[in-house]
Amino acid sequence: MKYQVIIIGGGPAGYTAAETAGKAGLSVLLIEKNSLGGVCLNEGCIPTKTLLYSAKTYDSARHASKYAVNVSEVSFDLPKIIARKSKVVRKLVLGVKAKLTSNNVTMVTGEAQIIDKNTVRCGEETYETENLILCTGSETFIPPVPGVETVNYWTHRDALDSKELPASLVIVGGGVIGMEFASFFNSLGVQVTVVEMMDEILGGMDKELSGLLRADYAKRGVKFLLSTKVVALSQTEEGAVVSYENSEGNGSVTAEKLLMSVGRRPVTKGFGLENLNPDKTGRGAIRVNEKMQTSLPGVYVCGDLTGFSLLAHTAVREAEVAVHTILGKEDAMSYRAIPGVVYTNPEIAGVGETEESASSKGITYQVVKLPMAYSGRFVAENEGVNGVCKVLLDEQERVIGAHVLGNPASEIITLAGTAIELGLTAAAWKKIVFPHPTVGEIFREAL
Ligand SMILES: Cc1cc2nc3c(=O)[nH]c(=O)nc-3n(C[C@H](O)[C@H](O)[C@H](O)COP(=O)(O)OP(=O)(O)OC[C@H]3O[C@@H](n4cnc5c(N)ncnc54)[C@H](O)[C@@H]3O)c2cc1C
């Protein structure tokens with residue numbers, strides 16, 4: 001069996017590559033060993049956001065009196081929240097399958113093994129291809145902390161499916177995944193402690209806004225241990241014990257459950273990558289150029305496997321670039337304006353340079369900062385809530401970064417991403433007419 005394109009991995013990178021290539025009339029085989037949709041649809045972006053929406057609805061109902069709406073009794077049903085999450089995932093996975101079918105993509109379930117750059121085996125079958133796109137994604141990284149093998153820790157998968165709430169939860173890792181789960185379990189009444197090695201949560205996001213978000217969650221009862229290194233883990237009858245050291249000395253936190261969320265790493269083993277031996281970067285990732293080509297002609301890498309951005313929207317765009325390159329269409333990947341969003345409540349989102357990244361690159365910039373209260377719509381919909389919008393301009397007054405703390409940061413950040421990607425100056429961006437009243441108008445106010 002011979003194809004023009006074989007894709008290994010059916011996550012956002014793989015299914016986008018398959019759909020784009022199929023739509024263009026190429027013969028495509030997509031091999032996925034688990035469920036179509038990959039981490040994003042099955043155990044990442046979508047299930048977390050579905051759970052968080054239930055928590056947000058619960059919070060809104062509890063605080064409805066702020067908007068003069070009386071709700072007498074508010075409660076939640078965790079098994080039903082989890083069941084709805086699973087229903088949403090099933091629906092979207094079926095949607096992906098339908099799109100691939102309608103674009104004539106051949107799908108095979110099984111574990112792919114690369115024989116050489118033109119030959120892939122799956123089960124008893126061997127397939128030939130002109131082009132190979134590798135999209136095997138990433139997996140949870142569990143650090144080798146002493147005692148880790150003795151503890152019944154949760155990964156995000158367990159946290160997504162637990163139908164009973166623990167009384168207390170300690171989260172090791174205050175990154176995006178850690179903070180989204182901290183938000184969910186805090187809303188549902190769990191005592192949450194976040195242990196983070198860095199001096200602020202949400203590394204990579206704007207530090208000032210991350211600090212404001214942390215202060216907000218601290219007020220709601222989440223405990224934070226920053227600049228704190230976990231040195232040992234153990235299990236007792238009371239639960240998991242996380243021993244740590246920080247500038248104040250040694251200490252420990254005991255909680256009924258422990259969630260490990262220190263990061264993810266690319267899946268590079270188990271599918272015959274060693275038979276290709278592509279060039280690697282100094283950090284061990286597969287080297288790709290801006291067209292997602294590896295050092296081997298006809299072999300492309302997209303998504304988390306690049307070890308670069310670890311975001312679904314990056315994976316999707318990289319996949320389009322790879323297929324356009326196969327088709328001979330001019331295209332190139334740009335990482336200048338990849339938005340990062342944390343779906344806490346309030347949300348925090350950023351795109352382009354942060355003050356920290358601009359300073360470390362020696363970029364001269366100015367910051368325009370406004371309270372979100374400059375947006376009429378924000379005030380109307382966020383009683384008693386503060387937020388901040390920050391825009392970074394370079395010496396030519398071009399927009400190089402934007403950061404928002406406040407709902408719906410996830411939706412409005414694309415406006416700033418567009419300005420950055422197009423290289424707009426503040427003056428040019430301000431000529432765009434924004435609908436009124438919208439929260440996005442905050443950017444026009446800031447310029
Ligand atoms: C809890 C959590 C929340 C997240 N939330 C967000 C979010 O809100 N927004 C966001 O942008 N990103 C989020 N992410 C990250 C996002 O899920 C990933 O960036 C995205 O899934 C990467 O897509 P991918 O296609 O590269 O890889 P994956 O989605 O990891 O898919 C890779 C696929 O390859 C398959 N595979 C691997 N090896 C083989 C083989 N040998 N043969 C066949 N199949 C194979 C796997 O089974 C898997 O289905 C989240 C991640 C987690 C864990």
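1. Let's start at Gly175: skip the neighbours within four places in sequence, and Gly175 is in contact with Leu202, Gly203, Ser261 and Gly263 (contact means C-beta atoms, placed from the backbone, within 7 Å of each other). Gly175 is found in the loop between strand E8 (168-172) and H6 (helices are DSSP runs of H or I with at least four residues, strands are E runs of at least two, both numbered from the N terminus). Gly175 is buried because 21 other C-beta atoms lie within 10 Å (20 or more make a residue buried, 12 or fewer exposed, anything in between partly exposed, again with C-beta atoms placed from the backbone).

2. A word on what you're looking at. This is a predicted model, where local features need pLDDT of at least 70 and side-chain atom pairs count only at pLDDT 80 or more, while totals for chains, interfaces and linings use all residues. Residues are numbered from 1 along each chain as its sequence is written.

3. Gly175 also turns up in the UniProt record. Its unreviewed entry gives "binding site" for Gly173, Gly174, Gly175, Val176, Ile177, Gly178, Met179, Glu180, Glu196 and Gly263. These are spread over 91 residues of sequence, yet they cluster in space, with a largest C-alpha distance of 14.2 Å. Bear in mind that UniProt annotations may be inferred rather than shown by experiment; feature names are shortened and positions follow the numbering used here.

4. Met179 counts as buried because it has 27 other C-beta atoms within 10 Å. Beyond residues up to four places away in sequence, Met179 touches Gly174, Ile201, Leu202, Val342 and Thr344.

5. Now the domains. The chain is assigned domain 1 (2-140 + 265-327), domain 2 (148-262) and domain 3 (340-446), with bounds from an automatic or database assignment. The centres of domain 2 and domain 3, taken over C-alpha atoms, are 29 Å apart, and 13 residues of domain 2 are in contact with 14 residues of domain 3. On the domain 2 side, helix H6 (176-187) and helix H7 (207-219) each supply at least two residues. H7 gives the most, with five. That side has seven nonpolar, three polar and three charged residues (nonpolar: Ala, Val, Leu, Ile, Met, Phe, Trp, Tyr, Cys and Pro; charged: Asp, Glu, Lys and Arg; polar: the others, Gly among them).

6. What surrounds the ligand? There are 35 residues around it, and the closest are Gly9, Gly11, Gly38, Gly137 and Gly303 (near means a C-beta atom, placed from the backbone, within 6 Å). Elements giving two or more residues to this shell are helix H1 (12-23), strand E2 (28-32), helix H2 (38-43), helix H3 (45-62) and helix H8 (312-327). By class, the shell has 17 nonpolar, 14 polar and four charged residues.

7. On to domain 3 (340-446). UniProt's unreviewed entry places "active site" at His436, which is found in the loop between helix H12 (426-430) and helix H13 (441-446). Is His436 buried or exposed? His436 counts as exposed because it has 11 C-beta neighbours inside 10 Å.

8. Ile442 lies in helix H13. Ile442 counts as buried, because 29 C-beta neighbours fall inside 10 Å. Its contacts, leaving aside neighbours within four places in sequence, are Leu370, Met372, Tyr374, Ser375, Phe378 and Cys389. Ile442 and Gly376 are 66 residues apart in sequence but 8.9 Å apart in space, C-alpha to C-alpha.

Technical notes
Two residues are in contact if their C-beta atoms, placed from the backbone, lie within 7 Å.
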